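Please open the structure in your viewer and keep the selection panel at hand. The stops below move from one selection to the next, with the criteria stated as they come up.

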Amino acid sequence: MSPEQKTLLQVKNLKKYFPVSRQFLSSQRRYVKAVDDVSFDVREGETLGLVGETGCGKTTVARTILQLYRPTSGQVLFDGVDLASLQENDLRKMRRRMQMIFQDPYASLNPRLTVGAIIAAPLDVHTTMTQKEKRERVQELLELVGLNPDFVNRYPHEFSGGQRQRIGIARALALNPDLVICDEPISSLDVSIQAQVVNLLEELQNRLGLTYIFVAHDLSMVRHISSRMVVMYLGKVMELADRNEIYLRPLHPYTRALMSAVPIPDPDKARNRKRIILKGDIPSPLNPPQGCNFNTRCPMAAEKCFQDDPEYREISPDHWVACHFA
C-alpha cells in the first residue's frame, strides 16, 4: 500500500462512553470508557487489521464508525463527510457505501426469513428495484460468494456455519459498498472453513476494489490478510504500523507481548523464542488507571507512566506508538 493512496476513512479522537447506573446515595454518573480517544485512517483499497484482547473496544470502534453507536465525541470522516454530525436521513444515504459482516452467522441471520429475503433487505431499503430485478441480484450475489443461486427460497437453518457467513457476506455486498467492516467474521468457524472465508474476502476485494477493516483475535490471520495493523488495549490505540513492521519491529511493550504469543510452525525457532508473560488482569474500563492504560501490566513502567498519558505520536514514517519509551 502506498501512503499516497486516497484516504477513504479518517477516525479522529473518537470516544464512546456508556453510562452506568448511579450507585446508591451517589449523585455522580459513571461511564464505561469503551473507546477512549482513538485515531487512525484507512486508505482506499487496503485492509486495516484491528487487534487486541477481548474487551479492548474493537467491536465498539467498528460499530461507532458505522454510527450503530453514536460517538460521545470525536469525528468519523468518510470520504470527507463527518458521519457523527449527520442526521438520520443523510446518514441513511451514506450507509449504502458502508456495510458490516457480523461475528456470529447463527445470530446475524433472521431465522424466519428466506435467504433471498435476507440478502434483498438492503435492496428493499435503499433501491427501487422490481421484484424480478431483486431476485436476479440476489442470485448473482449468491453465485459471487460461492453458493448455489437456486438457494434463494431456503432458510438459514438449512446451511452450515461457513455457508451462513457467505450469506452474510452476500448481504453486505448487495449495495456495492466502498467500505466493509468485518467484525471477527471467522472466529466462530472451523479452521478449514476459516481459510475458505478469508480467501473469499481477498478474492472479492481484488475483484470489486473493496476496502476492509478486519477485526480479529487471530494475529497470524490478521497478518495474512491486512496491509496495516492497529493494536488496541483498554479502549486506546497502542500502536499502528505496516503488518510486517508490527511483527518484526514492535515498539510498544504490549505489542511485543502479543507478538510473542503468536505460534511459530518451526519448533527450533519456537524453542529459542522468548515469551513475554503479562502479569495481572486488564483493568476495568469503568475505572481505567491514571496515566498510561497499560501501566498496571507493563514490564517497563516507570513513575512517569503512572502520572502522564503518553502521546500518540509518529516514531517513523507511518509507524505510530503511544508509549513514553518507544
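Begin by selecting the open sheet of eight strands, whose order is 6-7-8-3-9-10-12-11 and whose pairing is mixed; two strands count as paired if DSSP finds at least two bridges between them, and helices (H or I, at least four residues) and strands (E, at least two) are DSSP runs numbered from the N terminus. At the edges, each pairing on one side only, are strand 6 (98-101) and strand 11 (312-316), and from one strand to the next the twist averages 20°. This is a predicted model, in which local features need pLDDT of at least 70 and side-chain atom pairs count only at pLDDT 80 or more, while totals for chains, interfaces and linings use all residues. Residues are numbered from 1 along each chain as its sequence is written, and side-chain values use heavy atoms, with hydrogens and water left out.

Stay at strand 11, which runs antiparallel to strand 12 (residues 319-322) and is joined to it by four bridges; there, Arg313 has Val321 of strand 12 as its bridge partner.

Now select helix 3 (residues 115-126) with helix 4 (residues 131-144), which pack at an angle of about 115° with their axes 9 Å apart. That angle makes helix 3 roughly perpendicular to helix 4 (65 to 115 degrees). Contact, meaning heavy atoms within 4.5 Å, is made by residues including Ile119 and Leu123 of helix 3 and Val138 and Leu141 of helix 4.

Which residues touch the most other members of the largest nonpolar core? In this core of 58 residues they are Ile169 and Leu201, a nonpolar core being a set of buried Ala, Val, Leu, Ile, Met, Phe, Trp, Tyr and Cys residues joined through side-chain atoms within 4.5 Å, and buried meaning under 20% relative accessible area with a 1.4 Å probe, protein chains only. Leaving aside residues up to four places away in sequence, the residues that Leu201 touches include Ile101, Ile169 and Phe214. A second, separate core of 31 residues includes Leu50, Ile65, Leu66 and Leu83.

Finish at helix 9 (residues 253-260), where seven of the eight residues are buried, among them Tyr254 and Leu258. These buried residues pack against helix 7 (219-225), strand 9 (228-233), strand 10 (236-242) and helix 8 (243-248).

Technical notes: Buried means under 20% relative accessible area, exposed over 50%, partly exposed in between (1.4 Å probe, protein chains only). Axes are lines fitted to C-alpha atoms, for helices over the stretch in contact, and angles run from 0 to 180 degrees between N-to-C directions. Angles under 35 degrees count as roughly parallel, over 145 as roughly antiparallel, 65 to 115 as roughly perpendicular and the rest as oblique.
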